[in-house]
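Student: Hi! Please walk me through this one.

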Amino acid sequence: MPALEKAVLEEVSNDDIAILMPIQFNPTSLRMQISNRTEGGDQQGRQARQYVGTGSTTLSLALVYDTADEGTTERPRSALEYTAQLEYFITPRSKGSQRQAPPRVRFRWGQLALEGVVESLSVDFDLFAHDGTPLRAKASLSIKGQ
């Protein structure tokens, strides 16, 4: 029986992998949107639509993190440990007093790989321990290819 391949997020710096973050549960679906930049063709008398620049690719995925069976009743493990790792990929780096761009990231799973920058991150928490510790998180992540 073949081994289960896990999806990963990697920080990419000068073609070196700086941070490797395995995904707890593989996504159940991925959405890839590919677009081109065109101009013209909007009004009568203008020339036909023309390609004017490079297009873009955006990969959107939903991730689930569940720590309900980790930790103990007295000391539950928080799903925030996983979502904080995702926040790392969207947070711009600072160089001195200037803010820089977020790190380049590569999502890799099987034959699919996309390198770019995390454009958006949205996290919903929907299961909590007795003390309010979030035990389940659903994260929506959007990576714009570069």
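Tutor: Happy to! Under 20% relative accessible area is buried, over 50% exposed and in between partly exposed (1.4 Å probe, protein chains only). This is a predicted model, where local features need pLDDT of at least 70 and side-chain atom pairs pLDDT 80 or more, while totals for chains, interfaces and linings use all residues. Residues are numbered from 1 along each chain as its sequence is written, and side-chain values use heavy atoms, without hydrogens and water.

Student: Which residue pairs with Glu119 in a salt bridge?

Tutor: Lys144, with the closest N and O atoms 3.9 Å apart; the rule is a Lys or Arg side-chain nitrogen within 4 Å of an Asp or Glu carboxyl oxygen. Glu119 is in strand 8 and Lys144 in strand 9, 25 residues apart (strands are DSSP E runs of at least two, helices H or I runs of at least four, numbered from the N terminus).

Student: Is Glu119 buried or partly exposed?

Tutor: Partly exposed, at 45% relative accessible area. Lys144 is also partly exposed, at 32%.

Student: What about Arg136 and its salt bridge?

Tutor: Arg136 meets Asp126, with the closest N and O atoms 3.7 Å apart. Arg136 lies in strand 9 and Asp126 in strand 8, so the pair ties together parts 10 residues apart in sequence. Shared partners also join Glu10, Arg104, Arg106, Arg108 and Glu115 into one salt-bridge network.

Student: New topic: how many residues are in the largest nonpolar core?

Tutor: It has 18, and Leu9, Leu86, Leu141 and Ile143 have the most contacts inside it. Such a core joins buried Ala, Val, Leu, Ile, Met, Phe, Trp, Tyr and Cys through side-chain atoms within 4.5 Å.

Student: Which element gives it the most?

Tutor: Strand 4, with four residues.
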